[in-house]
Amino acid sequence: MKLACQTFNTDKQGPWLVWLHGLLGSGSEWQPVINDCNQYPSLVIDLPGHGNSADITLTDGFAEMNRLLGETLLACQIHDYWLLGYSLGGRIAMYHAVQAYKTQAKAMQIAPQGLKGILVEGGNPGLLSQKERDARLLHDEHWAQRFRTEPISVVLADWYQQPVFVDLSPAQRLRLIHLRSQNRGSSIADMLENTSLGHQSCLLTELQEMTLPFIYLCGEQDQKFKQIAQQYALPLKIISQAGHNVHSSNPAGFSAAVNHFLSLFG
């Protein structure tokens with residue numbers, strides 16, 4: 001099965017940039033950044049339950065998501081690529097990289113064929129204890145139940161009051177509520193439950209072992225994810241004038257960081 005996707009800058013040569021949005025988002029939100037990274041061909045994917053993939057339901061968590069991503073890349077004939085993911089998309093990118101490394105490269109200690117590297121924007125590499133994972137499952141099940149049973153605009157008004165979104169201004173918060181209200185609550189609930197951080201294994205050890213190029217992009221106001229990156233010695237790049245959603249609040253700064261990182265690898 002192929003996820004809904006769009007291609008941009010297909011006249012350009014070299015590895016593709018494959019963009020993975022976060023929960024409640026869609027591929028279209030990357031457009032300003034893609035315009036600033038136009039020296040590379042880009043593939044923008046709508047995750048299950050989102051955008052033009054709204055009718056695709058995930059039922060088997062990260063393993064199924066990884067298969068869908070692989071099938072989409074194959075259908076688009078994309079063999080050399082960088083993965084760029086925000087929040088949930090970043091977690092999917094890290095999971096994909098770890099699986100690729102395990103299956104294709106670990107024995108020879110080389111980067112997996114095809115995947116050039118990952119750029120993660122505010123994605124959680126995983127929780128260390130089962131207690132933390134169990135608590136997160138309960139947290140996400142609570143939100144999923146609300147998404148299924150209440151008007152989505154009502155749920156989003158509370159969703160964007162969570163501490164990770166503290167940097168949002170009232171106007172930005174209202175804009176996001178309006179934009180994200182186009183989602184189908186039941187589809188968001190399915191995706192939230194299936195890709196809960198409580199279901200994700202902790203990827204820290206594998207990420208630290210990989211030889212794959214990796215950068216962790218974080219807004220200077222995103223205290224939670226700056227702390228995660230610093231605590232676990234992730235390859236952190238802090239971007240000014242931005243909170244959790246860097247590519248939205250400071251697309252120019254985000255694009256500059258992406259272009260600089262990619263330029264290091266030819």
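**Reading the cysteines and the fold**

Mentor: Let's start with Cys218: its sulfur is 17 Å from the closest cysteine sulfur, in Cys202, which is too far for a bond. Keep in mind that this is a predicted model, where local features need pLDDT of at least 70, side-chain atom pairs count only at pLDDT 80 or more, and totals for chains, interfaces and linings use all residues. Residues are numbered from 1 along each chain as its sequence is written, and side-chain values use heavy atoms, with hydrogens and water left out.

Trainee: How many disulfides does a search of the whole structure find?

Mentor: A disulfide is a covalent bond between the sulfur atoms of two cysteines. The test here is a pair of cysteine sulfur atoms within 2.5 Å, and the search of the whole structure finds 0.

Trainee: Is Cys218 buried or exposed?

Mentor: Go by relative accessible area with a 1.4 Å probe, protein chains only: buried is under 20%, exposed is over 50%, and partly exposed is in between. Cys218, at 1%, is buried, while Cys202, at 22%, is partly exposed. Of the 266 residues of the protein, 55% count as buried.

Trainee: And how do I read the contacts: what share join residues at least 24 apart?

Mentor: A contact means heavy atoms within 4.5 Å. Take the contacts between residues at least 6 apart in sequence: 73% of these join residues at least 24 apart.

Trainee: What does the C-alpha trace span along its principal axes?

Mentor: About 50 × 40 × 40 Å for this protein.
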